[in-house]
Amino acid sequence: MSDTIPFPDYAPDITPLGQADSQVIFNVVPKSDGYGPILSMTQYTQSLPAPCRGYFYGRKPDGTVTIVAGTATDLYIMNPIDLSWTLASKGGRSYGAVPTDDNWVFVQYNDLIIAVQKNCPPQKLAQSTSNSFVDLGGNPPYAGWVAIIGFFVVLTAIQEAGQRVQWSDLDAPEQWSAGIGLSDFQDFPDGGSSLVVSGGDAYGTIFQEQSIRSMTYAAGSVAIFQFYRFSTQEVLFAKYSVINVSNRVFYLSAAGFREIVSTADPVDIGKDKVNITFFNDVDAAQLQLIIAAVAPTATRVYWAYKTKKGAYGTFDRILVYDYVLNKWARVNISGEYLASLAKPGLTLENMDAYTLEQLYVKDAKPSATGSIILTLDAVVKPSFNLAAQPFATVQGIKGTTEANGVWRFNIIDDTHVEEIGSSFVNAYISGGAIGGSIEAMTYPDMGGTVNPTFSFDDIIKAAIAQLSAFDATHALNFFTGPALEATLETGEGDGKGKMIFTTAMRPITDATQVYCSVGFRNSPQGIPVYTEENLIDDMGMAPIDPIESRYQRIRVRIEAGSSWTYVRGAQPETEAAGDR
C-alpha cells in the first residue's frame, strides 16, 4: 500500500500533468484536513409569484426576524406562520420593473429595511409598525445600490448622476437635502460610474467602472467624507459579486476574483486557480446572476453564477472560497438567488395557528407505493385547515409509530391524507392526532390542562443566519437536506519515465457509500480514460481493474445522501512497472 495521496487544492486553471492541484473538487467545502460535505437544498417557504430578484432579513428590536423578497415588479414579506408571501409593495401597486441586469438591494438601519432599485424611489419598511413598504422620506434619488457606513445611509448607481455617491444626514436616514446637517454628495471626475458601495463602521469602499476608492468619515471636517483612490483601471466585472465580510471585501474584477483587506491594495485570490476556468464557463450575458454570499458560521464566500449551458434566469454553479485556508471548491446546484438568512423564530402562541383544533386519526394503511395513508375524522375544521399548512405534526399513533413526526401532506379527499416521503411498516393499533392548541394540551397521566408558570414567549425568537437560496420554483430553501454527491480527484501522478501499476484503492474518509476509479493515459496528448468505478468493501478497499499507464489520477465519488464528515485522500495499491 502506497502513502496517502491527499486531495489537493481545486485549481482547474493549472495544467494537470504531474501537478499536485486538482481539476475536480465538486460538491464539497474546504476543510483544513481535506474537504467536507455540502448539503442539498430543502424547501422552506411557499413560492413567490415570480422569480426572486433579491431578498433580505432584518432583525427587530425584540430579536425577531422579518424576511422580505423582491420580484421584478414587487416586494413581499414572508408570513412566519404559514411561510407564504404577502404583497408589500407601496399601496399594493407594482413598481417600475427592475432592469434586466439588476436586482433589488437591501440594508437595515435601526428598525427600517431599506430597498432600492433604479426604477423606483428608495423604499422603506418600518418592521415593528408596518406591513408594507413606502417611499423613504427626504426625497432621496433613485439608486441601484445602498449601504450603511457608520451612521450614514449611502447611495450609488444613482439614476440622475452616474458618477455620484450621495449620503443621508448623520443618524437621519430620511434627511437627504444636500447641505442640511451632514447630508451631501460627491461627483467623481473620473473612474466612470459609481456602481457599488460596500459599507463598514468607519469607512466604505466604492467600486466605479474603472476605479476603487475608499470613503472615510472625517468627523468635524467640512468635507464630511474623505475619498482616496487606491486602485485604477480596475474594471468591476459583476456588481453583485461584491460582498463584505468584517474588514474584508471580496469581488470579481475583469481580471478575476480579488480581495481587499481594510484599505490595502487588492489581492488576486483566483489567479492560477479558478479565474480562467470561470471566465470560460460563465454566461456574460446574465451578470446579475453572479451573486456573492457568505456563510456566517464559517470563513467561506460563495459566488453563484450561470454557465453558458445553464437555464435562462437561474444560476447553476457555485464557487466556494475559504479565505482563511485559501482553498476553493465547486458546487453544482441551481437556483434564482443566493444569500445568508436567519429563520424567523416562533413563540409558542404563534405556533397555535398551526394547531388550534385537533384532527383525529382513525386508521393508517399503506398506499400502493408503500407510503402511509391516514384516515382522519376530517381534513378541515373551523380553526384548522390541514391543506393550508406547509407541514404539521402527527402524534400519539400506536402501532404505526413511524407515522408520528412532522410531515408534509398530500390531501386525497375529505378524510384521507398521504404523508409525503413516508414508508408504512407497522400495523395501526389506535390513537393519533394532528394539531391541538399548545396551551390547551393535556397529559394523560396528569389530567386537565397544564398551566406553565413561565411565559411561552420566553424562547429563542430567531436562529443564526445560514446559507439559503431561492430555487427555480421561486421558493426559499436552506442548505439542510441530505449531502450532495461529491466527486474529488487527486492531482495526476507522473511515473517519471516508468509505468504505474494499480490494482486497488483505499479512500481516506468516514463515508461508507464510496466509489473509486482511476483515470489513466500514456502521453500528455492523450485524454484520460477512467476504469469502472467500484464500491469500497467492509475493509474500506475498492478493487480497481488492474491498470498500467504512465500517468494516473485517483477519483472518488461519495453517493448523494451519504452521511459523512470528511474526505482527505486515497491510498492506492500501486507499484512501478518498469520502463516503456
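User: Which element gives the most residues to the lining of the largest pocket?

Analyst: Strands (E, at least two residues) are DSSP runs, numbered from the N terminus. A pocket, on a 1 Å grid over the protein atoms alone, is an open set of points where a 1.4 Å probe fits, with protein on both sides within 12 Å along at least five of seven lines; lining residues have an atom within 4 Å of a point. Here β10 gives the most, with five residues. This is a predicted model, in which local features need pLDDT of at least 70, side-chain atom pairs count only at pLDDT 80 or more, and totals for linings use all residues. Residues are numbered from 1 along each chain, and side-chain values use heavy atoms, without hydrogens and water.

User: How many residues line the largest pocket, and which lie nearest its centre?

Analyst: The lining has 38 residues, with F56, F106, V107, I243 and N244 nearest the centre. Elements that give two or more residues include β6 (55-59), β10 (105-109) and β22 (243-245).

User: Is K306 buried or exposed?

Analyst: Buried means under 20% relative accessible area and exposed over 50% (1.4 Å probe, protein chains only). K306 is buried, at 4%. K306 lies in the loop between β27 (300-305) and β28 (317-322).

User: What does the side chain of K306 join by a polar contact?

Analyst: A polar contact is a pair of N or O atoms within 3.5 Å, one able to donate a hydrogen and the other to accept it; residues adjacent in sequence count only if both atoms are side-chain atoms. The K306 side chain joins that of D283 at 2.7 Å. A polar atom of the K306 side chain also lies 3.1 Å from the backbone oxygen of G310.

Notes:
Helices (H or I, at least four residues) and strands (E, at least two) are DSSP runs, numbered from the N terminus.
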